[in-house]
Protein chains: 2
Amino acid sequence: MTAVLHALSDETRLSIVRTLHAEPDGRACGTFPVNLAPSTLSHHFKILREAGLIRQEDRGTQRWTVLRRPEFDARFPGFLNAVIAATEITPARS
Amino acid sequence: MTAVLHALSDETRLSIVRTLHAEPDGRACGTFPVNLAPSTLSHHFKILREAGLIRQEDRGTQRWTVLRRPEFDARFPGFLNAVIAATEITPARS
């Protein structure tokens, strides 16, 4: 669980998870709304993958990133929802 | 929110939060079931305090640490419950 919490304790990774949360089919690499070097983004994906939050798969010539929502919800019920909800609240209060 | 996730992404701090979660009245410093130098424990308390998870107060000659449960639940509904539930699940699966 600390690996999951650590994975989510970074604005970029939290933003990736929120983006994927809104897109159940996943997203092609290179289309994430972040302005980072590919190697940096790759590093963030690795941490999210190792925490069990995402999986990456090749579809044709593209690599796709998908949130492992069902597996994650089964393992930690309510957790991801609570994190997403909490991050939606934060900006409105700051 | 990332500060909260970071604060909880450490086994010691998560254990402190879980201990306090079970004791709504809080706990006197020096009575936490962790084997750490006072300065190390103090460092962990500081991170939890800055994330808004705990408060510390003097009661007579003792310093008490209390989980800021109501404030935190009001700010991030369901989040703390989901984290506590998730950390209860993890050991059974490992």
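The model is predicted, so local features need pLDDT of at least 70 and side-chain atom pairs count only at pLDDT 80 or more, whereas totals for chains, interfaces and linings use all residues. Residues are numbered from 1 along each chain as its sequence is written, chains are lettered from A and ligands numbered from 1 in the order in which they are written, and side-chain values use heavy atoms, with hydrogens and water left out.

Chain B holds an open sheet of three strands in the order β1-β3-β2, with antiparallel pairing. Helices (H or I, at least four residues) and strands (E, at least two) are DSSP runs, numbered from the N terminus. Two strands pair if DSSP finds at least two bridges between them. The edge strands are β1 (27-28) and β2 (54-59) of chain B, each pairing on one side only. β2(B) and β3(B) (residues 62-67) run antiparallel and are joined by six bridges. Arg59(B) has Gln62(B) of β3(B) as its bridge partner. Arg55(B) lies opposite Val66(B) in β3(B). The hairpin of β2(B) and β3(B) has two residues between the strands, and Gly60(B) takes a positive phi near 60° there.

Two helices were examined against this sheet. Helix α2(B) (residues 11-21) packs on the sheet and touches β1, β2 and β3 of chain B, its direction making about 90° with that of β3(B). Helix α3(B) (residues 38-50) also packs on the sheet, touching β2 and β3 of chain B, at about 115° to the direction of β2(B). Contact means heavy atoms within 4.5 Å. Axes are lines fitted to C-alpha atoms, for helices over the stretch in contact, and angles run from 0 to 180 degrees between N-to-C directions.

The lining of the largest pocket includes Cys29(A), Phe45(A) and Arg63(A). Helix α3 (residues 38-50) of chain A gives the largest share of this lining, five residues. A pocket is an open set of points on a 1 Å grid over the protein atoms alone, where a 1.4 Å probe fits, with protein on both sides within 12 Å along at least five of seven lines; lining residues have an atom within 4 Å of a point.
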